[in-house]
Structure formats: C-alpha cells, structure tokens
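Reader: I'd like to talk through the pockets and the surface here, please.
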Amino acid sequence: MLRCAIAVVVLLISSLAFGAEKRSELKFSYITSKSVGFVSAGGIPAVDLALELINNRTDVLPNHTLSYTNVLDSQCAPTPSLNAFMEHFNNNSQPTYVSLLCCGCSLSGIPVAEISHYWNVPQMADIASAYVLNDRTRFKGFFRTLPSFEFVGPTLAKIAREFGWTQMAITTQDETLYNLVTESLDSILTAENIFLDTTAIVEVNADPFPYKIFDWERDYRVIIINGNPFHAYPILCEASHRKMLSPKYVWFFPGWYDRGWWSKDSGNKSCTPDIMRRIVNSSLTYTPNGFFVLEDRDMVTFSGLSSQQYDKEYSERLKQEQYQAQNITEFVLSGAPFDAIWALALGLHFTSESVRQNDSKGCDSLPGDLVPLELFDYENQRMGCLMRKSLHNVTFLGITGTIAFDSNGSRISNSILLQQHYVTEDEDIEMKSVADIVIYHNESIFMYKENITSQSLWPGGIPYDGAARDVFHHNHIALVCIYSILATAGIVYSFICLIFNTIFRKHRAVKPSSPNLNYLIIAGALLLYIAVY
C-alpha cells in the first residue's frame, strides 16, 4: 500500500515537472517612465497582475509563459528611451525579446516606434496618445491600447458650439501630443468663425507658468489647459488667487490626471489644497473613452475580472513591499498597460497557432522561417510580419472597454467623456460624468448623461465667454405705442412749425427770432422724433 502511494506521488511530481518543461519562456522588453516628467510606473503592478492571470490560463499561450526582465526608465524623454531600447535590443547579454511594451508617454514612445520594426518585434504602447502615432508608414510595428487624442480638437469645438461660445483661449504644453490638439481645434474653430487665442505656449522643461494667460483675464472666460498636471497646477493656483473662479470662468483640462493631483505638495506655499480646491471645483475635463476602467463595475472582462475586482486587486498590489520600495503609487491609467499585456499575449497566441498550422498567409514573400516563438530571432521578417498581423486580429473586452486595432495599430475609439469636478461633503474633489461626445464621419454628437442638463452644470445659466456683443433692450408694447404716438404728434407739429416759419418768415413777429435758425431747430426736432422709430 505504501509503495503504491509513493509511486503515485512520484508519478504526479514527474508529470508536473514534464508539464512545466513543456511551457517555453517568452520574454518581452518593458520600458516605462519611472522618475522624470510624466511618471507612469504605476502601471507596473497592473502588468504583473495581467501576467499572473495569463500564465495561469490554459486557453492563452498554453505552451508558453510570458514575462519581462528588468523595467528600464524612459524618463518620458526621447534620448533616455532610445538608450533603454538599445540596452535591451542591441545587447548580446540580453535574451531575445518577442515584443516590446514601451515607453511610458508619447514623447518617449515616438522615436522608439520609428525604429523598433527593424528588429521585427511589435511595439505595444503602455501609455501613448499622440495623434502623430497614427502614421503607419512611419511607425510600422506600433500598437496601443490607450486611444489617441485624434478627436479631442473636434470635441472641444463641439462643446463650444453646444454652449454658444464665440471665443476661447488655450495654453499649450509644447509637445507633439498637445500641439496637434491645439492645431486641430484652431483649424475647426476658424472655419466656424469662433476665435481661439493660441498664443500661450510653454516649452518642454521650461518654466511651466505662462504669464501670457493672465493677459486674458478681462477678455476670455473659457480657458483650456492643454498639458500635463505640472503645467496646469501653477496656472490654476494663480487663477485662484486672481479669483478667476466658476461660474464666471470655465476651465477645461485633460481628465486623466492622477487622483488628488491638485492637493499634492508642489513646493509652492501659496497653493494650499483649499486654494486649489476652490479653482478646481466645477471645472470640466475631457478624456477619450477607454482611458479609465469600465463604468459598469460588475461586467466581467476577458481577463476574468470586473473593473471592481480589478481596482481591488490593483490597490492590494500597491501595498506590497516590492512596489513600495520603488515608490510606486496609484496610477489612474493603470488599466491601459493591463489591457496592453492581454493584447500582446493574445497576439502572440494567434501567432503561435498560425505557426502550428503552418499558416503565414500575407507574409509568405518575406525572408525567414515559420518557427516556434521561442526560436524567433530579430532577422526573421516573416515572423515579425506574422506577429503584427496577429495583433491586428485581436479583439476582446478589456478592463477599459473593447480592445481592437485599426489599420494604424491604434485602438478603435471615437468618443470623448466630458466630466465635471465637484466638492463632496468631506471637502474632497470628485468627478461626475456629464456627457459623451461621439465623432462619426466628421460629424459630432453631444449627448448628456441621464439627468444632466446645462442647468445642472451651471444653475445660473451657461457662462458668458467674454466676447463683446451688441445688447438690445426690449420695451413693453404699450410703452412702444405711447412713444410712437407722441413721436408722430411731434413730427406733425414740426411740419406745422416749418410751414408757419416759411409763410411768415418776414413778419415782424417772426423775423426777430431768426427764421434760418428756426429751420435748424425744426430739422433737429424732426430727426429726434424719427429716431424713436
């Protein structure tokens, strides 16, 4: 009996060991922004959670395990991101990576996306929204799960039309992501005779305080902050001190800033949380749908998690020592890198299935052999083509919504979420969703959320945009009739005086009053009476 039990245990251990040996290890390169500028390192726990779920699945990459080596820092800048890329892909001491998760922000992702296809690996962006990345001829192996800012300009233009504003002002952070938004908005508004002041531009790594904006204090009431939180913070702080508050002024800025960004210590002692709360209250934000986790908290996604479960798992991971040691904090866009890993895993899974079926249709003419993923090398153009083709076929319900890619590798999304900040009872700031703006075939549709109207946004009415306007005063009809009757009587009387002055101008009683002067007086009286009409 004992021998049988031992034999069963040995057999189980052997089968487990054999099963473990069957799963080949696949590595991807992971580069994100960890220290400077826009920090997206909060996506690392989300990536680790996704990998844990994927590697425990039997229907996704069943013969492989997916992982990364070390996470390199792009510093959200071009040169450091290129250096990090070369450290992983131009270094013989590194393993062969089958894909790339890069680079923490658009600014650092653009130069890498221009060259990564030469290594025949697909590049999946963890965080990147610049519209310029939609150019497939330039970025041949690029994909992203975060929607682009392509429709932000048309959305802001639609908002201006919806609320009847004829002029706006925008301050722009001088980066490709934000410059394209300003250019798009300016082009649309100019065609519709709506004026946009675009003169306040702040260079990257320069003093983020554009004093030009406060030349607008008297002329503009609708102001857009087109930049990162460190660009918005000093502007809003100064605006609060100048009492440029809602509802007299309307402030717009991106809605993907980290939770509580307005209350974080910036080193500026004049900007307390109370001061910032005052200016942020009632401000509006715009965010492409797909930036945040699903609003339906109970819907189960392909990962097996609902957005509620995901938030709980992500929050618990942030408490782990390995993340606290790296000073990793909550990242409001963590759902994007989570979905990015699932997209990569599914793309690699489809590639593996194509190899198993000896199907490389569409890539047959390229050099290289169809080989298992673990035998891939950077010179294999056929496998590189097959991996890109497989990613284009990926469609699934992610934690941020439906994930599917267009012909440029960008996530398919055509709507923008409009939200408004409000102060809660415990003096915190929360956001409520107020409208969706959908862009479809160059047409835009503005749709309020349920129980939301312009009156609920601004109880005192839609704020004035600051533009000079002609003001017409309307009088009661009875008063208008009285004025008209009296003016008509005055005109008749003036003509009587004119006739009398003409006939008796040489009479000794009229002549001393200067008949010529009487003509001028009568003419003036006639003009005044006529003006009533």
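Reader: What volume does the largest pocket have?
Author: In this predicted model, the largest pocket has a volume of about 1000 Å³, where a pocket is an open set of points on a 1 Å grid, each fitting a 1.4 Å probe, with protein on both sides within 12 Å along at least five of seven lines. Local features need pLDDT of at least 70 and side-chain atom pairs 80 or more, while totals for linings use all residues. Residues are numbered from 1 along each chain, and side-chain values use heavy atoms, without hydrogens and water.

Reader: Which residues are the closest to its centre?
Author: Of the 46 lining residues, F292, V293, V332, L417 and Q419 are the closest to the centre of the largest pocket, lining meaning an atom within 4 Å of a point. Elements giving two or more residues to this lining include β13 (415–423) and α9 (307–318).

Reader: How does that lining divide into nonpolar, polar and charged?
Author: The lining of the largest pocket has 20 nonpolar, 16 polar and 10 charged residues.

Reader: And the second largest pocket, which helix gives the largest share of its lining?
Author: Helix α7 (residues 229–241) does, with 3 residues, and the volume of this second largest pocket is about 590 Å³.

Reader: Switching to I482, where is it found?
Author: I482 lies in helix α14.

How values were computed:
Points joined across faces, edges and corners; volume = space filled by probe spheres on them. Helix = DSSP H or I, 4+ residues; strand = E, 2+ residues; numbered from the N terminus. Nonpolar A, V, L, I, M, F, W, Y, C, P; charged D, E, K, R; others polar.
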